[in-house]
Amino acid sequence: MRPTRATVLLTAGLVTLLGVPAAAAADAPSTLYVSNSHSRCSDTGPGSEATPFCAIAAATKIVQPGQTVRITAYKPYEETVTLDRSGEPGKPVTIVAGPNPGSLAQVKGLNVQDASHVVVRGLSSAGGVQVSRSTDVELDRITSVSTTDPASVVVGWGSADVRMSRSYLLNPVRIEGGSRGTVLSRNQIRGGITAAVDAVWGPGTVVTNNTLYLSCDAGVSFRGASTGSGAFNNLIFSTTPRSCNNPGPRSGILVGQDSTTGTRADYNLLAGFPADGVVPYKWAETVHTTAAAFQAATGQGAHDILTPTTSDVGPWMRSPTIDSGDPTAPGVLPTDYSGYPVTDDPRVPNTGKDGGFVDRGAHESQDEVRGVQLEIAQNWAPVGTTVQVRAVPDNDWPGTLTYRYDFGDGTAPVVTKAAAVEHVYQSPCACTVQVTATTAAGKQAYRQQSVKVTPDAPLATAFTAQPYLPSASDPNQLVKPLSVQVDPRSAAAPWPIAQKDVDFGDGARDLSGGLDPVQHTYKQPGTYKVTVTLTDIKGAVSTAERTVQVAYTPAGYVAVPPRRILDSRTTASPDKGVSVAQIDVPVHYYSSGPHHTAGASAAVLNVTVTGATEDTHLSVWPSGQPRPITSNVNVKTGGTSSNTVTVPIGADGKISAQLNSGRATLIVDFVGYYQPDAGQRFSPLAPTRLVDTRTTGGALGGGQARTVKVAGVGGIPADATAVALNLTGTGATEQAHVIAYPEPDKRPGTSNLNVEPGKDKSNQVIVPVGPNGTITLYTNTGSTHLVLDAVGYYATNGSTLFTPAVPQRLADTRTTGKLAPGATTSVAGLPAGAVGAALNVTATDTTGPGFLTVYGHGGTRPEASSLQTRPGETVPNHVTTPVADGRVSIWNSYGGGNHVITDLFGYFTRG
């Protein structure tokens, strides 16, 4: 039951007379901490930041005057907060949510009872708020809803001086029980079956600058002897409820007959009034349908505004709420519902009392600064030049922003209302100018821009020229081999550069402005003279030149699943001796559309020539470069021959291939590539036999696959990612091809070796390592013995990188004499520092079957072979071999004499 008026007055008197006892320890901390999400929280602990209370009640039971209870608002608190302890004048008990100013701590309910000098800020109550027998209570930033009471906030039992501000209340506020001096400011409050603000016995209730939504009753209702009350600067919206039991018309402002004495109302805006079943005013039981009628009858509402609709009413342009309130009304706060200050919109006349510009309703309209641009005249100039800086804001209110200019040179920032300022730099710097534009509400936008302050000296061109390489972080970016970056940023340029003229020394030029680096791709290695001429905006001209050595860069190996990139049998265009085949190298594919070579500098291919119309050889070289005298594949009339080819990629992403004479079918399989700052390093080995089916396992039958171990054996570590092998076929029963591949269940449609009955044939292959350090061998028909000799491996911790070379001939015994059986020749001309080489070794004019072994000069000759020699045939093979002292050794077996031709395609160095 509700208390009688006598009981309430008696209780309030006792509270005033006796006060609320509270003993405060002299050394009590200023803050008690509560956090139910803290791993060390304890309700028996000290309530410190390191060991907070778990429950709010643990703090509210012991809080002393002047102390703050700070609640961490990460998790809901399953408790109703009851505050029955008091502060003292100037030393309130404060309950506040954290860690941020806008935090809301969720609780089941909030009761303030028998307390005084209390501040509660930042709680969200699911069970309403009750204030009883309490005085000097501030409730700020409260969210409240109630499912058990028509009101979400009840102030009763003779409470006094209760202030509720900047809160969001989903049910009405009820003031009852003789509570005095309640002030509601800058709240959003929704009505229900009762008025949004319902003072049923609340003398001196003040309702100022609230946004109210009336439902079944009124927006503001003063009744039950709520004399001396007031409603000012409120925005009252008329809404249409689903159902109401109220038989009479709903009203915006309702004042009962017993509450008119001393009650005032003015500067309110009623939106959606009048309407069916809704009247703006009901004063002493009399309905008034216009502001003029209301003023004439009561003397109130002289500055009220009624709008027939609710559109265009609120804190935005064209709203009649803007700058039209009474700044002297009781309960006016300096900040609005969101904490923004009262501001003057310069686009709107100040129609408030005495020219005031407070808005009506809970929200104050604010300028919005969406961004700011920065314009700098002379952003590149010598010291002593006056630099003009101008801010160009994107905001709504002209002339209201405050600008802070920081020139980045250590001088004090300039704070001004001016959108343009000037500054003189006293010393050279690469400085950053920053402007911050701030509204009156503290909303900000900023922009920064670099300025270049140069020495006061003449223009002097200088530049660097360095290889332009792919990035390890973006290996698929297209960076062509033999690219160079010319960077003139080291030039002494007191003024901006109007023109940059770069002559790359190969007939190509670049004309542009500024000092940004430029890239250029050369077609072939060499020495070039690069000339850079700069012209500044003042007309000064300066030229510099330097000699640039253009060469291939050491690179790692990237294995790819073998794929066929050319088969002239399907294109019906057999290679002709007079024509050059241009072969695309598809290193990187887009999700759709064309491919490109990314940063690859060299490709590893398996090249097969078949169906030749005469004895001939094929040369492979980088597109765009002159055809070398080297060869890669030799084939007899009607025969089939294949070889691994390592070749640099041309500037256009292509590789050229041409027969020396005749016609033939050309088949090219792409098996991997070399790229700087990518892939695996190579460790060369003296040829080491890993597999010989003549002694173990027997011949490989047609249509069969056999898995063999290649990593973790023969000096190859278990973590090798690819192996370089010399693959030899012997004892073949019919013409067939052999494939070496990593995954047993993923046999590619490519080939590595073509075998023939009665001939020993070999080809060097690079194969990714498959499961458990194995690779798989397959032949399509007949049967053949296979021999695998390892010549090196690729791994993350490998020892060398590969540098491609323009194909060049190192040695040719046809000009010095045949290599006799059992003899060794030394081949020189390899770069200093090379520890391995990629060679094409060709045996020709052979007098008897045998083999050649290539190994590092001065080393022990291994038992393995590098190349099988056959009388009457010219036999090439790709050979990867160790190098010592810039030389390799080639030993001829005792089968017969041979001429030996050695071509270089690249070399390995430690790095």
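Two disulfides are counted in this structure, which is a predicted model.

| Disulfide | S to S distance |
|---|---|
| Cys41 and Cys54 | 2.1 Å |
| Cys429 and Cys431 | 2.0 Å |

The disulfide that joins Cys41 to Cys54 links distant parts of the chain, with both cysteines in the loop between β1 (31–34) and α2 (56–60), 13 residues apart. The torsion about the S-S bond of Cys41 and Cys54 is about 100 degrees, so this disulfide is right-handed. Cys41 counts as partly exposed because its relative accessibility is 21%, and Cys54 is likewise partly exposed, with a relative accessible area of 22%; the cut-off under which a residue counts as buried is 20%.

For the disulfide formed by Cys429 and Cys431, the torsion about the S-S bond is about -125 degrees, and therefore the disulfide is left-handed. Cys431 has a relative accessible area of 3%, so this residue is buried.

The other topic is the largest pocket. About 280 Å³ of space lies in the largest pocket, and the pocket is lined by 16 residues, of which Arg569, Ile667, His737, Ser751 and Asn754 lie nearest its centre. Three strands, β50 (602–610), β60 (736–741) and β61 (753–755), each supply at least two residues of this lining. Sorted by class, the lining of the largest pocket holds nine polar residues, four charged residues and three nonpolar residues.

Note on methods. Residues numbered from 1 in each chain as written. Predicted model: local features only at pLDDT ≥ 70, side-chain atom pairs only at ≥ 80, totals over all residues. Heavy atoms only, no water. 1 Å grid on protein atoms, 1.4 Å probe; cavity = no way out; pocket = protein on both sides within 12 Å on 5 of 7 lines; lining within 4 Å. Points joined across faces, edges and corners; volume = space filled by probe spheres on them. Helix = DSSP H or I, 4+ residues; strand = E, 2+ residues; numbered from the N terminus. Nonpolar A, V, L, I, M, F, W, Y, C, P; charged D, E, K, R; others polar. Disulfide = S-S within 2.5 Å. Buried < 20%, exposed > 50% of the residue type's maximum accessible area, 1.4 Å probe, protein only.
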